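Hi,

Here is the structure I said I would pass on.

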Amino acid sequence: MGLKFIALVFVVVFAYFNGLNYAEKAPKFSFIQEATSAPEVSFYDYIIIGGGTAGCPLAATLSTGESNVLVLERGGSPYTNTTKVRMKNFISTLTDNSPDSFSQAFVSEDGVPNNRARVLGGGTVINVGFYGRAEPSFLKQAGVDEAVAKDSYAWVEKKLVHKPVAFEWQSAVRSGLLEVGVLPDNGFTYAHINGTKTSGTIFDRNGNRHTAADLLQYANPNRIKVYLHAVVHKITFRTKDGCRPKAEGVIFYDANGRKHTAYLKNESNSRASEIVLSAGAIGSPQLLMLSGIGPAARLRSLGIKVVLDQPMVGRDMADNPLYGLIISYPNSIPLSLATVAGIVDKIYIETVNGYDFSSLSLGSGAPANSTTNLGFILGKFKGPTSEGYLELKSTNVSDNPNVRFNYYHAADDLRNCVRGMKTVIDVVNSESLSRYRFRNTTTRDLLKMMVDLPVNLRPRHANATTSLEQYCIDTVMTFWHYHGGCRIGKVVDRDYKVIGVDSLRVIDASTFAFSPGTNPQASIMMLGRSIGLRILRSRRRWSN
Ligand code: FAD
């Protein structure tokens, strides 16, 4: 009895400290402050714009050298209201569009609703949490050495990645994938390999989200400053006749609308000091343009002084389309976010359940219900091949720019969607999922249910339930893996330096030609760490 009682007390205390009270456990960083406390003028060796998925690991790494690092993040802290980042609140946090929420909604010119992160930790604070590494071809494209990448992934995983709990719905879909031939069974692995696997998640077993902001635990607190609600309006350049423009500072505004300027330190080896744009695939091309780097005619038409005519800024924007089916099941089961993936070459299948997916629909405006009896089996494919563009709509940095992704313009993408949909349908009809299906619901009914949902602003066609091509086009949603706009070889070189100017890099998803792995967050954090290490090495060479 005595022993049992002690064990029970231990379990309760452990659960309390390990999960329920994450708010009290959340790291306290003395170097994270509101931008209202920033001086009017300051000087740093590195200024990072955007404390997101790439920005946090990059800043933490750079601060471990001899340099002083400034991070300017337009959003607030994920640590102030930790209920918002619990797994069960995924959809309500994502669909909260109040002015200081973590998510800024936008609708692309394709008529597809989408979201941008606006919080320290960036996309890792609002995403689905699935964590998996990239295929080797990504490392080649990103110019990252395999051994450095491996160490950098491990550096990230140590702080925020967890082996997921075996949720009933995830296990059922996992069995369904194996049953329909998505083989082999790869068990639990972060690796991107053909077959069915359980991957990592950034949610711990108590449903608390861990984010890229947690990587700031690696930072040297004496060498880093992070300002919140610090909205960067532009990068300023030193331009002398005949010389390349050189980035010298950034102008940002705090929550009270007060202007601040941060400059790069003007040291003898000032070429080692740099500004790094890590504002994401929408924010980075947008800020380059607002700072005068972009297509000259368009910039001039908005009254922006041209620093460098660079027509490739904002080109090659791409977003992986999401396709899938929603199933209504009879009995209530615990909700889950994606932890299982089926990979068949370029086709990736994942699943989530229990959420009120209708609140993702356009114009729903309704607060998300806590739980539903709905499962969503969804797919993505590598790439995509279709590409679009980003253009400034105004000179206000808080306005979303115009973005068009041109979903399914490439025939290849449509073929991949149809292949993926066939696998989704096979899984839905598998024996493993039979107890989660109402017997009289046909596949056609499920297709029709999706076609009828206002998931986008695109027209619906009569043949959308009979032609999978039309179904893909009419029901397209975002997988939120948009990328491009500052591509390697076009806007930045293989060291992520902006071509044509000095002291400026871009490090985030805007540099990608395709979205890595089944899901990109692992590789974006890995990139922040890897390129941070590379910058530290080259700085050491400069100062020797
Ligand atoms: P971000 O993480 O968005 O960072 C950019 C940062 O810059 C933001 O914090 C932003 O506030 C800040 N910023 C922008 N402009 C300014 C400015 N002017 N001044 C100051 N700061 C600025 N990936 C996965 O791997 N697994 C998933 O399960 C998954 N699910 C997803 C679900 C959703 C709903 C979303 C939105 C994304 C999902 N992703 C997932 C994708 C992944 O989260 C993103 O690709 C990734 O976070 C992008 O990283 P980034 O560094 O390029 O940009």
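Below is what I found, in two parts.

First, a word on the model: it is predicted, so local features need pLDDT of at least 70 and side-chain atom pairs count only at pLDDT 80 or more, while totals for chains, interfaces and linings use all residues. Residues are numbered from 1 along each chain as its sequence is written, and side-chain values use heavy atoms, with hydrogens and water left out.

**Strand E3**

Strand E3 covers residues 46-49 (strands are DSSP runs of at least two residues, helices H or I runs of at least four, numbered from the N terminus). In a regular strand the side chains alternate between the two faces of the sheet. Here both faces are covered: Tyr46 and Ile48 on one side, and Ile47 and Ile49 on the other, are all buried (under 20% relative accessible area; exposed is over 50%, partly exposed in between, with a 1.4 Å probe and protein chains only).

E3 runs parallel to strand E4 (residues 69-72), joined by four bridges; strands pair if DSSP finds at least two bridges between them. Ile49 has Leu72 as its bridge partner in E4. Four bridges also join E3 to strand E15 (residues 274-277), again parallel, and there Ile48 stands opposite Val276.

**Asn400**

Now find the loop between strands E23 (388-391) and E24 (402-404), where Asn400 lies. Asn400 is buried, at 14% relative accessible area. Its side chain makes a polar contact with that of Gln104 at 3.3 Å (N or O atoms within 3.5 Å; within protein, one able to donate a hydrogen and the other to accept it, and residues adjacent in sequence count only if both atoms are side-chain atoms).

Cheers
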